[in-house]
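Q: Could you take me through how a ligand site and a nonpolar core are read from a structure such as this one?

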Amino acid sequence: MNDRTTSLWQRIKKRLREELPEASFETWVGNLELANLQGGKIELTAPSGFIKRGFEERYLELTKQKIENLSGQEKEVVVKVSRKLSSERESQRDQFYSPPVSSDFSKKDQNSQIPETETSNDGQIALNKEYTFSSFVSSKSNQLATAASKAVSESPAEAYNPLFIYSKVGLGKTHLLHAIGNYLQQHDCTGKIVYTTSERFAIEMIQAIRQNKTEEFRERYRLVQAFLLDDVQFLENKEGTQEELFHTFNELYGNTKQIVLTSDRPPQEFSDLQDRLVSRFRWGLVADIQPPNFETRVAILRKKAMQKGLEIDDKVLELIATRISTNVRALEGALIKAVAHANLANGKLTLREIQDFLPEESNQEKKLTVATINKVVAGKYNVKLEDITGKSRKKEIARVRHIAIYLAREMTDNSFPALGKKFGNRDHSTVMHSHKKINRMVEETPLFYEEIKELKEEIKSNHQN
Ligand code: ADP
Ligand code: MG
């Protein structure tokens with residue numbers, strides 16, 4: 001092949017890039033390479049059969065036209081699957097899905113349950129029927145996210161794909177995801193709708209690998225009409241799960257299935273998420289939700305009160321809305337508390353009394369702190385509390401420190417740079433490294449996974465007391 005023929009393909013690619021939506025180009029055309037050009041025939045290679053078929057169905061004719069325009073000749077175009085690339089990939093996958101470390105452990109794992117959340121009978125997280133569009137108050141602060149959620153519900157995989165919603169905690173991301181799921185379930189019975197959290201996605205993946213059930217795992221997430229994934233920030237620094245999500249994403253996207261993701265920050269603000277995932281998250285629409293203004297807070301409270309069949313004076317709702325401004329979940333909590341107090345007082349509750357028991361915003365929710373985590377971890381491994389944030393390089397101490405950092409990242413919303421500061425002014429890359437190290441052990445060693453799970457429970461109970 002000479003330079004001229006290579007550059008012909010580059011020019012064609014350039015034209016296609018200009019004409020096609022970015023996502024379509026990246027998925028179907030960007031990875032095709034020129035293998036051979038002889039006489040009237042152009043041979044291209046694709047990295048997988050999936051991409052070969054996708055390209056042929058969508059853009060083969062268009063590509064032929066471009067070739068004819070540019071070279072003045074009609075040519076036959078043949079796409080082959082690149083042997084080298086695809087076998088490399090397979091072997092990477094095999095490595096990744098290696099069987100359990102020891103067969104003893106896998107038995108134990110079969111009994112280990114995934115904790116929390118309500119699940120339906122096929123083990124999936126059930127959709128909360130109360131979280132619908134009609135129970136959601138739309139306002140300026142969530143306008144785009146709400147409109148986009150409705151659009152993807154009405155035209156899945158057509159309006160925006162993926163849809164990425166981000167906001168601080170308690171502002172309605174989970175509510176909107178369920179609303180999309182509920183809408184789809186009511187209006188489109190053809191395909192399966194899957195809602196899950198990325199934490200659970202990660203746990204299920206680890207279990208599937210250990211139990212040699214990766215095929216089932218994949219089918220569960222790839223053969224669906226819509227995939228609703230909550231809180232993707234949990235995937236930061238988890239390479240194995242990111243890899244799996246990447247393939248799931250491609251498969252769903254390529255088969256025009258709707259993907260909706262939520263997170264506590266926009267895609268570009270992740271410090272450890274594969275670039276290719278970040279770029280995919282941005283292919284469709286990214287929409288944020290801001291805290292609601294006063295009128296909206298009152299409207300939300302009114303709606304919640306109505307749903308619960310409560311009659312509450314507007315003055316009371318307004319008072320609550322004045323006190324709590326940044327988190328709708330806390331707003332709801334205060335409403336319930338107000339009702340409970342009113343019941344105790346025979347329904348006669350003065351504004352003054354409400355004022356007394358309503359928390360100030362700053363201490364609405366006792367947040368789990370790094371200090372609590374360090375205290376529990378130090379106690380468990382019998383090291384001094386100062387050592388956890390200190391400079392000692394002793395192996396046992398460093399290991400305990402890695403564990404504390406890992407847990408702090410998993411259980412609080414501190415960023416890596418913030419954690420660096422809290423752990424003895426270390427660089428953010430150092431704490432990231434600690435997190436990664438422990439995460440790998442959690443993924444690879446079943447016993448250690450159990451150990452960390454127990455620690456997490458201990459920390460949670462310590463926090464509540
Ligand atoms: P996030 O997932 O963003 O942390 P959630 O979706 O769990 O927040 O919302 C927390 C609570 O607040 C839920 O009970 C939800 O129904 C409620 N909520 C949040 N925003 C709204 C809204 N605009 N209208 C009605 N309820 C809302
Ligand atoms: Mg949520």
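A: We begin with the shell around ligand 1, whose residues divide into seven nonpolar, seven polar and five charged, where Ala, Val, Leu, Ile, Met, Phe, Trp, Tyr, Cys and Pro count as nonpolar, Asp, Glu, Lys and Arg as charged, and the others, Gly among them, as polar. This is a predicted model, in which local features need pLDDT of at least 70, side-chain atom pairs count only at pLDDT 80 or more, and totals for chains, interfaces and linings use all residues. Residues are numbered from 1 along each chain as written, chains are lettered from A and ligands numbered from 1 in the order written, and side-chain values use heavy atoms, without hydrogens and water.

Q: Which polar side-chain atoms lie 2.8 Å from an oxygen atom of ligand 1?

A: A polar contact is a pair of N or O atoms within 3.5 Å; here a polar side-chain atom of Thr 174 lies 2.8 Å from a ligand 1 oxygen, and one of Lys 304 also lies 2.8 Å from an oxygen atom of ligand 1.

Q: Which residues of the largest nonpolar core touch the most other members?

A: In soluble globular proteins, nonpolar side chains tend to be buried together. A nonpolar core is a set of buried (under 20% relative accessible area, 1.4 Å probe, protein chains only) Ala, Val, Leu, Ile, Met, Phe, Trp, Tyr and Cys residues joined through side-chain atoms within 4.5 Å. Of the 29 residues in the largest one, those touching the most other members are Ile 373, Val 377, Ile 388, Leu 407, Phe 423 and Ile 452.

Methods: Polar contact = N/O pair within 3.5 Å; in protein donor to acceptor, adjacent residues only side chain to side chain. Buried < 20%, exposed > 50% of the residue type's maximum accessible area, 1.4 Å probe, protein only.
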